[in-house]
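Dear colleague,

I am passing a structure on to you, and I would be glad if you could look through it before reading my notes. The notes follow directly below it.

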Amino acid sequence: MTNQEWIRIFQSKVNNLKRNKSDRWRIEFDDSIKADSVKSGWHQYISGAFGRFRCSKCNRSWSSGRVNVVFHMHLSSGQGMVKVRCLRQECRQCDGALMEEASFDKEKLEVLLEKLMEKIRVKCYHENLGKRNRRHFDDEDDEGPPHESAHCEACSIGLCTKRFKAR
């Protein structure tokens with residue numbers, strides 16, 4: 001999915017939020033944001049998603065159920081901002097492989113952004129959504145080959161774990 005597709009889906013979901021209709025929300029991609037390093041007044045949400053990668057050197061592709069996505073969100077004076085960083089993976093077969101960006105199926109992206117909307121409702125609008133079933137991700141949830149932490153950007157910064165869950 002392209003950044004434009006992310007923006008389109010995000011805007012359609014934001015429009016369905018029960019909120020002050022004059023609030024305006026934007027989403028932007030920011031590779032400089034760091035997990036657990038949130039600016040004052042901002043909130044963090046980290047989720048895992050299923051994505052696909054393609055090596056820019058050998059053209060090999062692989063899937064991963066452990067694509068970590070970091071969101072930082074902020075609402076002030078009717079202006080909402082979400083910054084997003086998708087952590088990357090590298091090809092296990094190429095020497096000097098580059099960290100590659102994930103691509104997401106539309107359905108997976110819809111689910112990921114729907115979970116983000118829940119976090120916005122709780123953290124920015126202080127809604128009580130009650131107890132929700134929290135899905136825990138583990139090895140049996142992975143689609144594709146076993147996770148290779150030596151090739152995972154999230155593992156290299158201590159974010160990805162053998163068993164992880166959305167937080």
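Arg88 counts as partly exposed, with a relative accessibility of 25%, where partly exposed covers the range between buried (under 20% relative accessible area) and exposed (over 50%), computed with a 1.4 Å probe on protein chains only. Before going further, please note that this is a predicted model, in which local features need pLDDT of at least 70 and side-chain atom pairs count only at pLDDT 80 or more, while totals for chains, interfaces and linings use all residues. Residues are numbered from 1 along each chain as its sequence is written, and side-chain values use heavy atoms, with hydrogens and water left out.

Arg88 forms a salt bridge with Glu153, and the closest N and O atoms of this pair are 3.0 Å apart; a salt bridge here is a side-chain nitrogen of Lys or Arg within 4 Å of a carboxyl oxygen of Asp or Glu. Because Arg88 lies in the loop between strand 4 and strand 5 (89-90) while Glu153 lies in helix 3, the pair ties together parts that are 65 residues apart in sequence. Helices (H or I, at least four residues) and strands (E, at least two) are DSSP runs numbered from the N terminus.

Glu153 also forms a salt bridge with Arg85, with 2.9 Å between the closest N and O atoms. This second pair links distant parts of the chain, since Arg85 belongs to strand 4 (residues 79-86) and Glu153 to helix 3 (residues 153-156), 68 residues apart. Arg85 is buried at a relative accessible area of 12%, and Glu153 is likewise buried, at 8% relative accessibility.

How many salt bridges does a search of the whole structure find? The search finds nine, and among the residues involved are Lys13, Glu110 and Glu114, which are linked in a network of salt bridges. Another salt bridge joins the side chains of Arg8 and Glu5 at 2.6 Å, N to O. Arg8 and Glu5 are three residues apart in helix 1 (residues 3-14), so about one helical turn separates them, and Arg8 is partly exposed at 41% relative accessibility.

Finally, Ser64 sits in strand 3 (residues 61-76) and is buried, at 6% relative accessibility. The side chain of Ser64 makes a polar contact of 3.0 Å with that of Gln89. A polar contact is a pair of N or O atoms within 3.5 Å, where, within protein, one must be able to donate a hydrogen and the other to accept it.
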